[in-house]
Amino acid sequence: MASEVRASHILCKHAQSRNPVSRRTGEPTTEYSKEAARKEISEILAQLKDIQQKGNGELFDAFANIAKQRSDCGSFQAGGDLGMFGRNMMQKPFEDASFALKVGELSDIVDTDSGTHIILRTA
């Protein structure tokens with residue numbers, strides 16, 4: 001089992017997020033419901049799965065482009081890349097999902113105190 005993984009994510013913050021302010025826009029997300037965030041993330045996930053199924057190697061670039069345009073995490077500037085991290089460095093649901101993925105695999109929707117995520121394991 002890997003002691004560290006590298007992952008990228010797309011975060012959609014909402015009214016119930018512990019810090020409901022987008023790091024990308026600086027705008028509050030208090031008017032955005034958790035249900036709306038899950039719906040949006042679900043649509044993005046479907047789009048990414050379509051790209052992945054084509055098998056033309058564009059998933060990583062597509063993920064990074066969407067993260068730059070949509071993610072509410074400060075990592076949006078790096079295409080969602082969080083770098084390498086080990087156990088006990090991320091919120092438990094995020095950590096569990098990241099470590100369960102194989103390299104190049106997308107997570108299902110992951111909810112944490114930060115908001116709603118899609119994770120792509122990159123290493």
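Let's start at Ser75, which touches His9, Gly80, Asp81 and Leu82, leaving aside residues up to four places away in sequence. The structure you are looking at is a predicted model. Within this model, Ser75 sits in the loop between H2 and strand E2 (81–86). Is Ser75 buried or exposed? Its relative accessibility is 10%, so Ser75 counts as buried, because buried means under 20%.

The largest nonpolar core has 16 residues, and the members that touch the most others are Ile10, Ile44, Leu48, Phe63, Leu106 and Ile118. Which parts of the chain build this core? Strand E1 (4–12), H1, helix H2 (59–70) and strand E4 (115–121) each give at least two residues to this core. H1 supplies the largest share, with six residues. There is also a second, separate core of nine residues, and Ala7, Phe85, Leu101 and Ile119 are among them.

Not counting residues up to four places away in sequence, Leu106 touches Leu45, Leu48, Lys49, Gln52, Leu59, Phe63, Leu101, Ile118, Ile119 and Leu120. Two of the names in that list, Leu101 and Ile119, belong to the second core, while Leu48, Phe63 and Ile118 belong to the largest one.

Now for the charged residues. Side chains of opposite charge can pair when their charged atoms come close. How many salt bridges does a search of the whole structure find? The search finds nine.

One of these pairs is in helix H1 (residues 34–54), where Glu43 and Lys39 lie four residues apart, about one turn of the helix. Their closest N and O atoms are 2.6 Å apart. Glu43 is partly exposed, at 46% relative accessibility, and Lys39 is exposed, at 52%.

Helix H3 (residues 92–100) holds another pair, Asp96 and Lys92, again four residues apart and about one turn of the helix. In this salt bridge the closest N and O atoms are 2.9 Å apart. Here Asp96 counts as partly exposed, with 32% relative accessibility, whereas Lys92 is exposed, with a relative accessible area of 52%.

What about Arg70 and Asp72: are they buried or exposed? Arg70 has a relative accessible area of 16%, so it is buried, and Asp72 is buried too, at 2%. Their side chains meet in a salt bridge, with 3.1 Å from N to O.

Leaving out residues up to four places away in sequence, Glu95 touches Gly86, Arg87, Asn88, Met89 and Met90. With one of these, Arg87, the side chain of Glu95 makes a polar contact of 3.2 Å. Phe85 is a residue you have already met, as a member of the second core.

Methods
Residues are numbered from 1 along each chain as its sequence is written. This is a predicted model: local features need pLDDT of at least 70, side-chain atom pairs count only at pLDDT 80 or more; totals for chains, interfaces and linings use all residues. Side-chain values use heavy atoms; hydrogens and water are left out. A salt bridge is a side-chain nitrogen of Lys or Arg within 4 Å of a carboxyl oxygen of Asp or Glu. Buried means under 20% relative accessible area, exposed over 50%, partly exposed in between (1.4 Å probe, protein chains only). A nonpolar core is a set of buried Ala, Val, Leu, Ile, Met, Phe, Trp, Tyr and Cys residues joined through side-chain atoms within 4.5 Å. Contact means heavy atoms within 4.5 Å. A polar contact is a pair of N or O atoms within 3.5 Å; within protein, one must be able to donate a hydrogen and the other to accept it, and residues adjacent in sequence count only if both atoms are side-chain atoms.
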